[in-house]
Number of protein chains: 2
Amino acid sequence: METLTYLPFWNKLTKMQQEALTASAREFTYQKGSLLHNGSLDCVGLFLVKQGQLRVFTISEEGKELTLYRLFERDICLLSASCIIRGLQFDVMVSAEEDTKVLHIPTAVYQKLMEESIIVANYTNELMASHFSEVMWLMDQIMNKKLDTRIAAFLMEESDLRGETKLLLTHEQIANHLGSVREVVTRMLKHFQNDGLLKLGRGSIELLDVERLNKLASDSLR
Amino acid sequence: METLTYLPFWNKLTKMQQEALTASAREFTYQKGSLLHNGSLDCVGLFLVKQGQLRVFTISEEGKELTLYRLFERDICLLSASCIIRGLQFDVMVSAEEDTKVLHIPTAVYQKLMEESIIVANYTNELMASHFSEVMWLMDQIMNKKLDTRIAAFLMEESDLRGETKLLLTHEQIANHLGSVREVVTRMLKHFQNDGLLKLGRGSIELLDVERLNKLASDSLR
């Protein structure tokens with residue numbers, strides 16, 4: 001249960017509060033690709049990522065996905081407990097992008113803490129603000145950056161995360177991250193290939209000119 | 001200072017807290033078009049809208065605006081005090097869309113309340129969640145709805161707010177609300193005009209077929 005100490009407020013809780021958390025938290029392992037949270041259908045609670053990688057995304061009525069942000073080791077998934085916060089009126093999905101170990105904190109336990117402790121209440125505020133900020137960054141990308149730049153940034157991020165330049169990724173998957181459609185992504189990737197930036201394989205993309213891709217990607221950060 | 005009772009937690013504050021708020025809050029009137037808050041340059045504090053209408057928007061490096069949401073009587077503007085919340089890392093602008101009377105609460109006074117009162121801390125959470133939700137709704141619109149639908153929805157909203165079918169609005173203003181550019185909006189409005197939905201004048205738009213506009217607009221709410 002040492003994962004609980006990832007909570008920045010852990011040391012500021014009372015003995016009793018620490019014990020309540022310890023007694024209710026459970027460790028789970030989710031296989032790559034599995035869903036931890038499914039929109040408004042559930043309010044499962046918070047997840048502390050112990051190991052692995054989660055993806056928080058939305059899905060439109062037509063089935064189009066858009067990655068909002070990712071969560072890594074020591075990150076906390078709050079929106080899977082959205083019912084805790086009045087006024088939160090949108091649905092997200094959370095899936096494991098790798099085999100992922102999480103510590104699960106039940107909704108009711110966390111809610112009680114928020115009502116008892118100013119520190120927990122204000123920390124929750126901070127956590128939501130950081131997710132809000134990531135979404136605002138994404139909004140700026142979508143409104144103001146071109147897709148070529150966004151694809152390059154996504155490929156470089158993937159390559160950094162995996163430590164590889166050959167990425168096992170379908171065009172569909174890229175489209176799902178960027179809120180685009182497969183056809184548009186395919187067109188752009190072929191353009192990149194003609195340009196010598198990468199090489200397309202069956203279900204894979206090999207990055208050839210990392211320097212130029214990085215330069216293109218960095219245009220999305222300006 | 002009765003405007004302070006708009007704060008949902010007013011009755012749950014201590015006498016001392018109420019007095020501190022009363023002593024520090026000031027009423028201001030902003031003329032239509034004036035700026036109340038200018039991104040990261042200031043952290044002016046919260047505004048309670050007493051009368052009028054505020055617009056909260058972002059502005060890209062290239063100067064493209066996008067309306068995030070609007071605030072009306074009894075609404076509270078939190079993002080103008082963004083420095084209160086750690087983790088909030090984006091800038092917004094706030095302007096008066098009408099002559100607007102607000103009650104201003106200084107940053108330091110509100111921050112002290114958040115640190116003292118669980119109720120205020122959790123209410124702030126709720127307030128941020130509702131703004132976050134509006135931005136997520138907007139994101140869905142941008143990603144998944146066509147511009148014709150969004151323009152129709154915007155015109156109908158304006159018409160409802162003003163109680164008029166002849167709107168004094170430039171194409172530039174509409175573009176600024178929707179994060180688009182003037183040329184694209186003009187093209188769509190001309191298309192609407194040819195379709196008999198509205199009539200374009202010099203700096204004005206007269207809605208002719210409110211029923212069909214409403215139908216088109218309601219596609220954005222599905």
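Student: Which residues of α5(A) are buried?

Tutor: A:His171, A:Ile174, A:Ala175, A:Asn176, A:His177 and A:Leu178 are the buried residues of α5(A). A residue is buried if 20 or more other C-beta atoms, placed from the backbone, lie within 10 Å of its own; 12 or fewer make it exposed, and anything in between partly exposed. The model is predicted, so local features need pLDDT of at least 70 and side-chain atom pairs count only at pLDDT 80 or more, while totals for chains, interfaces and linings use all residues. Residues are numbered from 1 along each chain as its sequence is written, and chains are lettered from A and ligands numbered from 1 in the order in which they are written.

Student: What do the buried residues of α5(A) pack against?

Tutor: They pack against β5 (65-71), α4 and α6 of chain A. Contact here means that two C-beta atoms, placed from the backbone, lie within 7 Å.

Student: How do I describe two packed helices?

Tutor: Give the angle between their axes and the distance between the axes. Take α4 (residues 147-162) and α6 (residues 182-194) of chain A: their axes come within 11 Å and cross at roughly 80°. Each axis is a line fitted to C-alpha atoms, for helices over the stretch in contact, and angles between N-to-C directions run from 0 to 180 degrees. The two helices are therefore roughly perpendicular. Angles of 65 to 115 degrees get that name; under 35 is roughly parallel, over 145 roughly antiparallel, and the rest oblique.

Student: Which residues make the contact of α4(A) with α6(A)?

Tutor: α4(A) brings A:Leu147, A:Asp148 and A:Ile151, and α6(A) brings A:Val184, A:Val185 and A:Met188. By class, 5 are nonpolar, none polar and 1 charged. Nonpolar covers Ala, Val, Leu, Ile, Met, Phe, Trp, Tyr, Cys and Pro; charged covers Asp, Glu, Lys and Arg; the others, Gly among them, are polar.

Student: Now the sheets. In what order do the strands lie in the sheet with β1 of chain A?

Tutor: The order is β1-β8-β3-β6, an open sheet of 4 strands with antiparallel pairing. Strands pair if DSSP finds at least two bridges between them. β1 (26-30) and β6 (76-77) are the edge strands, each pairing on one side only. β1(A) is joined to β8 (residues 100-105) of chain A by 5 bridges. A:Tyr30, for instance, has A:Thr100 of β8(A) as its bridge partner.

Student: And what is the order in the sheet that holds β2 of chain A?

Tutor: That open sheet runs β2-β7-β4-β5, again 4 strands and antiparallel. β2 (35-38) and β5 each have a single partner strand, so one side of each lacks a neighbour in the sheet. On average, neighbouring strands are turned by 20° against each other, direction ignored. Strands β2(A) and β7 (residues 93-96) of chain A share 3 bridges.

Student: Which face of β7 in chain B is covered?

Tutor: B:Val94 and B:Ala96 form the covered face, while B:Met93 and B:Ser95 form the uncovered one. β7(B) pairs with β2 (residues 35-38) of chain B over 3 bridges, and with β4 (residues 54-59) of chain B over 4 bridges. B:Val94 is the bridge partner of B:His37, and B:Ala96 stands opposite B:Leu54.

Student: How are two copies of a chain related?

Tutor: By a rotation about an axis and a shift along it. Here a rotation of 180° with 0.0 Å of shift superposes chain A on chain B, with RMSD 0.0 Å. That is the relation of a two-fold axis. The superposition is by least squares on the C-alpha atoms of residues with pLDDT of at least 70 in both copies.

Student: How many residues of chain A are in contact with chain B?

Tutor: 33 residues of chain A, with 33 residues of chain B. α3(A) gives the most to that side of chain A, with 20 residues. The side has 17 nonpolar, 10 polar and 6 charged residues. 100% of the interface residues of chain A are also interface residues in chain B, so the copies meet through the same surface.
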